[in-house]
Amino acid sequence: MTDNNRIPKHLAIILDGNGRWAKRRNLPRLMGHRAGLRKLEDMVRLVKREGIRYFSVYAFSTENWNRPIMEVTGLMRLFGYYLRRKVDEVKAEGARIRFCGRKDRLPEELLRQMQWAEDYTKDEKILDFILCINYGGRAEILDAVNSLIASNPQSPVTEDDLRKHFYLPDVPDPDLIIRTSGELRLSNFWLWESAYSEYYFTDIHWPDFDEAELKKALADYAGRERRYGGLKS
Ligand code: IPE
Ligand code: IPE
Ligand code: MG
């Protein structure tokens, strides 16, 4: 394994534990989400410094609509606020913002801001910063299947045929998936793409995740041997 392989090309993080972080401080849950989004600002910089090329974060799942309307509305507002205020900083880092997920159900205003942020940063080439909002792995596979059928493909279809219909077909599969806050599950994130991902779980709540934690996760990843079903090299 070369040194290059020791750094994930695509790092994905399931941002979990904002609610518990707030609860522990006797704060409303939305304050936890605010702290969580603020944490993302540092993380883009740190991830770039590590030489990671793709950084995706799971910020809102297709199942998160089941939360109380107040929390959902508050989250949508926070996403909008983040985009208005922080896109310049992200762009200054050389990062291109991309969204991944279903566009339906998202507020019109947020959709406009998302489109603007994507256009505004589209020429940045150092890091792809992918925000998964209203994302679900099953929804993505289903949407890809329907889009593939609509394209009238030759049968039998191949994995590559299907992949071309995913939300971000050019993005490589995540090498490392980190989940904060102690839950040991994927919760419908990158279902197809995670087939050979490495996992790293930590009990730290997302708003407390910092540079030292990131380095710990990356060091752990660097020590793993990925075999893809083959034998030890
Ligand atoms: C993750 O934090 C953020 C979202 C899912 C939007 P949670 O809100 O799930 O935090 P916990 O799991 O309740 O602590
Ligand atoms: C996963 O967290 C989704 C995101 C972080 C956006 P959840 O808090 O929604 O997951 P569950 O409900 O604990 O599985
Ligand atoms: Mg949670």
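1. Contact means that heavy atoms lie within 4.5 Å. By that criterion, and not counting residues up to four places away in sequence, glutamate 183 touches Asp16, Arg20 and Phe201. Glutamate 183 is placed in the loop between β5 (176–179) and β6 (198–201). Helices (H or I, at least four residues) and strands (E, at least two) are DSSP runs, numbered from the N terminus. Glutamate 183 and threonine 202 are 19 residues apart in sequence, and their C-alpha atoms are 8.4 Å apart in space.

2. This is a predicted model, in which local features need pLDDT of at least 70 and side-chain atom pairs count only at pLDDT 80 or more, while totals for chains, interfaces and linings use all residues. Residues are numbered from 1 along each chain as its sequence is written, chains are lettered from A and ligands numbered from 1 in the order in which they are written, and side-chain values use heavy atoms, with hydrogens and water left out.

3. Ligand 1 is surrounded by Leu15, Asp16, Gly17, Asn18, Gly19, Arg20, Arg29, His33, Ala59, Asn64, Arg67 and Leu75; a residue is near a molecule or strand if one of its heavy atoms lies within 4 Å of it. A polar contact is a pair of N or O atoms within 3.5 Å; within protein, one must be able to donate a hydrogen and the other to accept it, and residues adjacent in sequence count only if both atoms are side-chain atoms. A polar side-chain atom of arginine 20 lies 2.7 Å from an oxygen atom of ligand 1, and one of arginine 29 lies 2.8 Å from an oxygen atom of this ligand. Glycine 19 takes part through a polar backbone atom, 2.9 Å from an oxygen atom of ligand 1.

4. Around ligand 2 are Ile14, Leu15, Asp16, Tyr58, Ala59, Phe60, Ser61, Asn64, Arg67, Arg179, Arg185 and Ser187. Polar side-chain atoms lie at these distances from an oxygen atom of ligand 2: 2.8 Å for arginine 185, 2.9 Å for asparagine 64 and 3.2 Å for arginine 67.

5. Two packed helices are described by the angle between their axes and the distance between the axes. Axes are lines fitted to C-alpha atoms, for helices over the stretch in contact, and angles run from 0 to 180 degrees between N-to-C directions. Helix α2 (residues 29–49) packs against helix α3 (residues 69–92) at an angle of about 25 degrees, with the axes 10 Å apart. Therefore α2 is roughly parallel to α3 (angles under 35 degrees count as roughly parallel, over 145 as roughly antiparallel, 65 to 115 as roughly perpendicular and the rest as oblique). The contact of α2 with α3 has 8 nonpolar, 2 polar and 6 charged residues. Here Ala, Val, Leu, Ile, Met, Phe, Trp, Tyr, Cys and Pro count as nonpolar, Asp, Glu, Lys and Arg as charged, and the others, Gly among them, as polar.

6. Helices α3 and α4 pack at an angle of about 15 degrees, with their axes 10 Å apart. This makes α3 roughly parallel to α4. Residues of α3 in the contact include Met76, Phe79 and Leu83, and those of α4 include Leu110, Met114 and Trp116. By class, the contact of α3 with α4 has 9 nonpolar, 2 polar and 4 charged residues.

7. Most residues other than glycine have a negative phi, and most peptide bonds are trans. Arginine 105, in the loop between β3 (95–100) and α4 (108–120), has a positive phi of about 75 degrees although it is not a glycine. Serine 155 and proline 156 are joined by a cis peptide bond, with omega about 0 degrees. Proline 156 lies in the loop between α5 (137–150) and α6 (159–163).
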